[in-house]
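My entries follow in the order in which I checked things.

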Amino acid sequence: MKFSCLLLILVNLTASSQSHNRCLLHFDVNPIPDSICYFFPTNEVGAFMLIPSDLSERCTNPTNCCRYIKVVSKKYFDVEFIKTFSENNAIQILNDSSELVILKDRDFDKRFQLDSSYINAQINTIIPDFKIFHRLDDNKSDSVFVDSTTNTGLSSDYTIYVIKSGNTLVLNDKWNCERQWLPAHLRHGYRSGVAINPNNEYVIFWCVAW
């Protein structure tokens with residue numbers, strides 16, 4: 001992991017002198033099956049943020065969800081190809097909306113307390129918590145793709161393409177947690193896709209499973 005992190009830092013130093021380009025690689029193990037994020041770039045060149053997973057070796061805390069988010073500079077791949085792929089393969093195309101529901105980790109005093117904000121939510125309204133970037137980036141004012149004022153946490157010009165989605169458990173059994181803070185119809189699921197903004201240089205590949 002240290003080598004991967006060093007590689008990302010070296011790439012960032014040569015690709016950009018901006019202060020927010022730095023390695024935020026957390027773990028080198030991604031428990032999400034490749035079939036859910038098959039469209040992600042296969043290497044880390046050009047990626048300045050990579051968040052494979054926050055999970056332990058076994059699911060001991062059902063308030064945590066598994067996310068895999070990669071931010072890549074457009075200069076390292078064919079953006080028009082990615083955009084065409086996303087448009088042709090998307091099962092949903094979303095923009096910032098109050099109707100979208102952010103799937104957040106929860107830290108309740110009572111771990112199995114139902115979160116009422118999810119009672120009427122459906123799988124097709126769920127997106128990951130992109131505001132995680134604010135929590136990870138200590139230079140929040142330098143962020144060029146996140147916006148704390150939007151519902152999604154992404155700057156408002158982003159279009160979110162949903163490529164894969166379902167309400168079944170796709171994680172290995174050892175990460176199978178019964179998150180009783182979610183209603184029964186959302187107890188398990190997965191969502192993945194691409195977020196593209198024509199007005200900045202970063203494409204976000206995202207996935208969340210729980």
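Does cysteine 66 count as buried or exposed? I looked it up in what is a predicted model, and cysteine 66 counts as buried, at 0% relative accessibility. I then asked about its partners and found that cysteine 66 is in no disulfide, the nearest cysteine sulfur being that of cysteine 207, 7.3 Å away. Cysteine 207 also has 0% relative accessibility and counts as buried; its sulfur lies 5.1 Å from the closest cysteine sulfur, in cysteine 37, which is too far for a bond.

My search of the whole structure found 1 disulfide, formed by cysteine 59 and cysteine 177, with their sulfur atoms 1.4 Å apart. The link between cysteine 59 and cysteine 177 is left-handed, with -120° about the S-S bond. I noted that this pair links distant parts of the chain, since cysteine 59 sits in the loop between β1 and β2 and cysteine 177 in the loop between β6 and β7, 118 residues apart. Cysteine 59 counts as buried at 17% relative accessibility, and cysteine 177 is buried with a relative accessible area of 6%.

Entry 3, salt bridges. I counted 3 salt bridges. One of them joins the side chains of arginine 67 and aspartate 105, at 3.1 Å from N to O, and this pair links distant parts of the chain: arginine 67 belongs to strand β2, whereas aspartate 105 lies in the loop between β4 and β5, 38 residues away. I recorded arginine 67 as buried, with a relative accessible area of 10%, and aspartate 105 as partly exposed at 27% relative accessibility. Aspartate 115 and arginine 106 meet through their side chains at 2.6 Å, N to O, in a salt bridge, and aspartate 115 counts as buried at 10% relative accessibility. Glutamate 178 forms a salt bridge with arginine 187, the closest N and O atoms being 3.8 Å apart, and glutamate 178 is partly exposed, with a relative accessible area of 39%.

I found strand β6, residues 159-166, to be mostly covered, with 6 of its 8 residues buried. Which strands pair with β6? Strand β3, residues 92-94, pairs with β6 in the antiparallel sense over 3 bridges, and isoleucine 93 has tyrosine 161 of β6 as its bridge partner. Strand β7, residues 190-196, also runs antiparallel to β6 and is joined to it by 7 bridges, with glycine 166 standing opposite tyrosine 190 in β7.

How values were computed: Residues are numbered from 1 along each chain as its sequence is written. This is a predicted model: local features need pLDDT of at least 70, side-chain atom pairs count only at pLDDT 80 or more; totals for chains, interfaces and linings use all residues. Side-chain values use heavy atoms; hydrogens and water are left out. Buried means under 20% relative accessible area, exposed over 50%, partly exposed in between (1.4 Å probe, protein chains only). Helices (H or I, at least four residues) and strands (E, at least two) are DSSP runs, numbered from the N terminus. Two strands pair if DSSP finds at least two bridges between them. A salt bridge is a side-chain nitrogen of Lys or Arg within 4 Å of a carboxyl oxygen of Asp or Glu. A disulfide is a pair of cysteine sulfur atoms within 2.5 Å.
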